[in-house]
Amino acid sequence: MRVIPYGAAGGVTGSCFLVDNKKSKILIDCGIFQGFSTDPSANRIPAGIPVEKLDAVILTHAHLDHSGRLPLLVKAGFSKKIYATQATIEVAKLILLDSAHLQESDAERENRRRSRALKKLVEPLYTTEDVKRVFPLLSAVNYEETFEAAPGVKARLVEAGHLLGSASVELCINDVGVKKTILFSGDLGQPNIPILRDAKKITDSEFDAVFIESTYGDRDHRSLEATLNEFHDLLQQAIAKRGKVLIPTFAVGRAQQLLYHLGEFFKENKLPKIPIYLDSPMAIEASALYFKHTELYDEEAAEYAKTRALAAALSGLKICKTGEESRALNDIEGPCIIMAGAGMCNGGRILHHLKNNLWKPETTLLICGFQAEGSLGRLLAEGRKRVRIYGEEIGVRAKVYTLGGFSAHAGQTDLLRWLAPIAEKKAKRPRVVIVHGERRQREALSQKVFVRFGIRSTIPNLGEAVLL
């Protein structure tokens, strides 16, 4: 019995784990690699994944780095079930369709250049039609419901607190008389973050192996209270200098959380009600899904939803659905807030706003989430003074700030706290496998796991089998 990482091993993106047994083969996630430095050939189905022999795929959640290679998998011949929570299925459809649209648009733009230069044309990684072929395979399961995912494999999804519908995946495998229990954390959310419930601490099971994410395995986030105070102060400064506030926004999760906090500022009269432009068709649709799935809210968000207090506070929110509405924002004057995708500045409408505003000293850029190595967002967060956008060099005179406390990922202490009830089991101490992080983060978390639990972690490379 073995687990082979075909993504999220040595980096944060591309989550994809093959659980390979004698009786069955399952993929946990099938995500895309992200970041400007990504080799395009990485986003293919690896030769080591026996597509025709796969029994199932289980999605931890819908983010593209966990779901983005599904169209390629189906294109390669996969036709079995893809299990996920209902909310994950709905969000994944949205994200995958948006991804296909962006890839088709990028390929069209590139081919116009190539045609003029008489160069060979390129094709998008996948198309809208490829994405639609995934949809019939999506199969909804409830949290805490045990189901047979494949011959000899029972699975259970539990709340991960990272995104609407996100889950950790528990597998109980009986492989020709050999029994193993494996837990994949998926992406774990910070505790006490608004809207979603906290990740469940699993106390009712023992595991032979735990695959744990380490996106922030080397550090803790600033407290949410301190982050909100800084967020408020930066907005006040931007309002005072009548500048635009640009927020590269992850359309699912981060956009809704930031709107939640802005609504609280307005409701409590902590800020004047300046215009907020939500310039992301996907964020608009994702917000509708969040409004739909109130059963997944924490207590405070559920109460707000019932009284519609935040909806009233955000009555001035302006929605930009069309490209024309987005371009019109170039001509408006500040102060205002523009929230646009993509969150890592690696595509989407935020690029146009950055191109038009980064060189202006009155502009404020707020980076509110993880930025993959090589992404434009990472370069800006690290203080790069000149960047290239759509082939043009742009000077950076805007004030750039990073607000890490808004991260949808658990910090180091949160990861250890989640792992504790599993790692401290006296009857069975699990093997801990650290994935979904860059080298520094994985090694730092490994050291902490050893100091606290006395367990030496495994840190696999891409394609390196973990034998159980």
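Buried means under 20% relative accessible area, exposed over 50%, and partly exposed in between, with a 1.4 Å probe and protein chains only. By that scale R156 is buried, with a relative accessible area of 8%.

The model is predicted: local features need pLDDT of at least 70, side-chain atom pairs count only at pLDDT 80 or more, and totals for chains, interfaces and linings use all residues. Residues are numbered from 1 along each chain as its sequence is written, and side-chain values use heavy atoms, with hydrogens and water left out.

**Overall form**

The protein has 14 helices and 21 strands; these are DSSP runs numbered from the N terminus, helices being H or I of at least four residues and strands E of at least two. Its C-alpha trace spans about 70 × 60 × 40 Å along the principal axes.

Of the 468 residues, 57% count as buried. The protein exposes about 19,800 Å², of which carbon and sulfur atoms supply 49%; accessible areas come from the Shrake-Rupley method with a 1.4 Å probe, and for residues only the protein chains shown count as cover. Among contacts (heavy atoms within 4.5 Å) between residues at least 6 apart in sequence, 76% join residues at least 24 apart.

**Charges and salt bridges**

The mean positions of the 64 positive and 55 negative charges are 3 Å apart. Lys and Arg count as positive and Asp and Glu as negative, while His and the chain ends are not counted; the place of a charge is NZ of Lys, CZ of Arg, CG of Asp or CD of Glu. A salt bridge is a side-chain nitrogen of Lys or Arg within 4 Å of a carboxyl oxygen of Asp or Glu, and the count comes to 27. Three of these pairs are tabulated here.

| Salt bridge | N to O distance |
|---|---|
| R109 with D106 | 3.0 Å |
| R156 with E144 | 2.9 Å |
| K200 with E144 | 3.1 Å |

The salt bridge between K200 and E144 joins two loops: K200 lies between β10 (178-184) and β11 (209-213) and E144 between β6 and β7, so the pair ties together parts that are 56 residues apart in sequence. K200 is partly exposed at 26% relative accessible area. Through shared partners, salt bridges join E144, R156, E170, K200 and D204 into one network.

E144 itself is partly exposed, with a relative accessible area of 37%. For the salt bridge of E144 with R156, E144 is in the loop between β6 (138-140) and β7 (147-150) and R156 in strand β8 (residues 153-159), so the pair ties together parts that are twelve residues apart in sequence.

R109 and D106 both belong to helix α3 (residues 86-116), where they are three residues apart, about one turn of the helix. R109 is partly exposed at 27% relative accessible area, and D106 is partly exposed at 41%.

**Surroundings of L419**

L419 sits in helix α13 (residues 412-423) and is buried, with a relative accessible area of 1%. Leaving out residues up to four places away in sequence, L419 touches V210, I212, V432, V449 and F453. L419 and F370 are 49 residues apart in sequence and 22 Å apart in space, C-alpha to C-alpha.
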